[in-house]
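Hello,

Here is the structure for you to look over.

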Amino acid sequence: GARSARVVRGREGLMPIVRSVADPVEVAGEIASEVLAPRAAYHDATGEFPQEALQALGSAGLMGLLVPREYGGAEAPIETFVAVVEALAEACASTAMIFVMHSCQYVMVVDHGTSRQKEVFLPPIARGEELVASGTTEPETGGNAGFCVSAKECRGESARLTAIKPVVTSANYADWIYCTTRASAESAGDELSMMIMPGPKHSEAVEGFGVWDCIGMRATSSSGLRFKECEVPGWHQIGPDDCARVRATSMTIVSRAGFAAVWQGIANAAFQEALGHVRRKHHDFIRRDEQMSQLRTERRVVAASETTRRQLAEMRVQLLASRELLSGAARLVDRHRDDLSSTDPAERVQDLLWSARIACGQSAIDVTRQALRLCGVTGLRATGPLALERRMRDALTSQVMAPSEDATKLMLGEQLVR
């Protein structure tokens, strides 16, 4: 199972003390509270990559949460994965998103890799020693991860890639980049292969470019990578030349569930912050008592307002609805994990997952906006007792992260009218 890491501060900085426990969600909550939350504002303000947080998660065994036990992982179900991501996102959405992007890539090796790939790539991930990233979009295709312009070049038992990947979470920190590229120069743009390529710290043929300076998820270091005739062994290809099934039954499933869990975690945290604020907050009004000709102080507790209570109820209902939709989708994935290649369960899973992705993204924005209304100017401040300003910026990523909310609605609608 996963390992718990209680983190203490010593002369050498943060040092994880590892102990064995059975509940990854409890472990994630502990790390979120002790490591992620205290530094979330700093990472958001500076854009600095959260190395300490990932080291703590790695020491606890969570970076290999979906890796099978035989390769040293926790072999957790998707329902547990979703709960772990939520716990992380409540503290730091950037760290949670890095965790999701890492997980949705290596799971393709778990589900579709050869014995050699599993033996080489999974144990270091399970030990928290290697970080992986996703290189699945190219500038010419407008962020559509289903198409590429680049094409791999086969050279004997090797494969060579020249490509530009403009948005790669953990770009300069990942050990391996899982890249889509056309299977050959003769392949159509949606006939893609999945290749495991080295990160820039392991190959001179890979270089980073650009600066990640965006409104939300600011610490994910999602800048670009340029591959210049980068060569790897042919066995680094995951699955057949056309990897559509590999992506659909592994990467897509875990990424959609993970994205939804990140946004649900943001919404959860915004609600708790707003609830705590209105319970503590009161307003004092000095009034003149006309009968007694004296001044008196009238104290109004914000939580006593009918408007406040109605807004809290609306927020809570939306949270519960999106959370239950996400949990139901995760449970359905776990029940059908071995037969997602057949049409019927795949369509039912997609229906729920796409719905959860939409609902959780909307919850993140709606609940955070309501929280800002309840907390007033205090909630708008970038520094102070509340983190709603940061949570709102992070929530906005739900509108544009590929596939965007609009694209997801179109896919869901198309499936419904078939």
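Start with the second largest pocket: 15 residues line it, and nearest its centre are Val110, Asp111, Ser250, Arg337 and Asp338. A pocket here is an open set of points on a 1 Å grid over the protein atoms alone, where a 1.4 Å probe fits, with protein on both sides within 12 Å along at least five of seven lines; lining residues have an atom within 4 Å of a point. Its volume is about 310 Å³, taken as the space filled by probe spheres set on the points. The lining splits into six charged, five nonpolar and four polar residues.

This is a predicted model: local features need pLDDT of at least 70, side-chain atom pairs pLDDT 80 or more, and totals for chains, interfaces and linings use all residues. Residues are numbered from 1 along each chain as its sequence is written, and side-chain values use heavy atoms, without hydrogens or water.

The largest pocket has about 1300 Å³. Its lining counts 48 residues, with Gly143, Ala145, Arg256, Ala402 and Pro403 nearest the centre. By type, 24 are nonpolar, 17 polar and seven charged. Helix α6 gives the largest share, eight residues. Helices are DSSP runs (H or I, at least four residues), numbered from the N terminus.

Now the helix pair. The axes of α2 (residues 51-59) and α4 come within 10 Å and cross at roughly 50 degrees. Ala53, Leu54 and Leu57 in α2 meet Thr95, Ile98 and Phe99 in α4, where contact means heavy atoms within 4.5 Å. Five of these contact residues are nonpolar, one is polar and none is charged.

Best wishes

Technical notes: Helix = DSSP H or I, 4+ residues; strand = E, 2+ residues; numbered from the N terminus. Nonpolar A, V, L, I, M, F, W, Y, C, P; charged D, E, K, R; others polar. Axes fitted to C-alpha atoms, helices over the stretch in contact; angles between N-to-C directions.
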